[in-house]
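Please read it alongside the sequence and the model.

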Amino acid sequence: MSLNNQDKVFLGASLATAIIGIALIVIGFIFRFGGGFGTFSTYAQQDNDFLELKRLDMIFGLFVAAAGVLILSFLVAAVSVLKHNKFLLKAYCAMIALMIVVQLVDGLLAFTYSDQINQLASDDIMYESLTKAASKTRPPIGSLSTDAETQFWAKTQNSFGCCGVNNSSDWTASWGGAGTSADLEALHCYQRHYNDGCEKVIRNRISSDAQYLGAASMGVLVVEIIASFLAGYRAYTLAHPEFNDK
């Protein structure tokens, strides 16, 4: 079956949305689980989830679901064009319209969470968590305690290459001035990172991830709107043959 110009333009736009959907999923997984963030997130949620990372999981879930629908919608678009099926074209419009709403909501949730992370990862909350960990794992450290706070700090410092809330002295201060470099290393707080506080690293990483998800959700809307418009217009021309290309 030969395709006219309207069909080719519409298929091109729907293929673009599918390719963007694949790219969003791949990059989203890299941001969400790469660089040790997946391990950090697991232990942070076990430590009372004081960073409310379950909200980030929800945002990521909506993001991936919407991107997945964009990929599947290309199949609907292809069949609708090949069969000249007005119902499938309208279904495609409805799917894309729904994804536009979902991604708008997802983008707003992501930007809101990014703005709130400074309060969630405040000095007081981080120090409270570190103090609990320090009280359960005191020098000389033979083996680490398995409690949620200690595991959170050990995994965070190991994954992000940081130490304490602001620096390594947070640990020694919590131990009343005690503790050696060996004790700090047992918590994966290494000398080269003594001045790299985890508070700033955590804030920057979570904020950048949330902002990426929000920006990506908003950015793809332009292509989706174009594809939805083209699908609606093609359905109209099929219903009114006089508008078809000769």
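Is cysteine 163 buried or exposed? In this predicted model, cysteine 163 is buried, because its relative accessible area is 0%, which falls under the 20% cut-off.

**Surroundings of cysteine 163**
- Cysteine 163 is located in the loop that runs between α6 (148–160) and α7 (169–174).
- Leaving aside residues up to four places away in sequence, cysteine 163 touches Gln157, Ser168, Trp171, Cys189, His193, Tyr194, Asp196, Gly197 and Cys198.
- Histidine 193 is 30 residues from cysteine 163 along the chain, and the C-alpha atoms of the two are separated by 6.0 Å.

**Packing of α4 and α10**
- Helix α4 (residues 86–120) packs with helix α10 (residues 221–239) at an angle of about 160 degrees, and their axes are 9 Å apart; the two helices are therefore roughly antiparallel.
- The crossing of α4 and α10 is left-handed.
- Residues of α4 that meet α10 include Leu89, Tyr92, Ile96 and Met99, while those on the α10 side include Leu221, Ile225, Ala231 and Leu238.
- The residues of this contact of α4 with α10 comprise 14 nonpolar, 3 polar and 4 charged.

**Annotated spans**
- According to an unreviewed UniProt entry, the annotation "transmembrane region" covers residues 9–31, 58–79, 91–113 and 212–236.
- Residues 9–31 are 100% helix and 0% strand, with the end C-alpha atoms 33 Å apart.
- Residues 212–236 are 96% helix and 0% strand, and the end C-alpha atoms of this span lie 37 Å apart.

How values were computed: Residues numbered from 1 in each chain as written. Predicted model: local features only at pLDDT ≥ 70, side-chain atom pairs only at ≥ 80, totals over all residues. Heavy atoms only, no water. Axes fitted to C-alpha atoms, helices over the stretch in contact; angles between N-to-C directions. Helix = DSSP H or I, 4+ residues; strand = E, 2+ residues; numbered from the N terminus. Parallel < 35°, antiparallel > 145°, perpendicular 65-115°, else oblique. Left-handed = near helix turned anticlockwise from the far one by under 90°. Contact = heavy atoms within 4.5 Å. Nonpolar A, V, L, I, M, F, W, Y, C, P; charged D, E, K, R; others polar. UniProt positions renumbered as here; feature names shortened; annotations may be inferred. Buried < 20%, exposed > 50% of the residue type's maximum accessible area, 1.4 Å probe, protein only.
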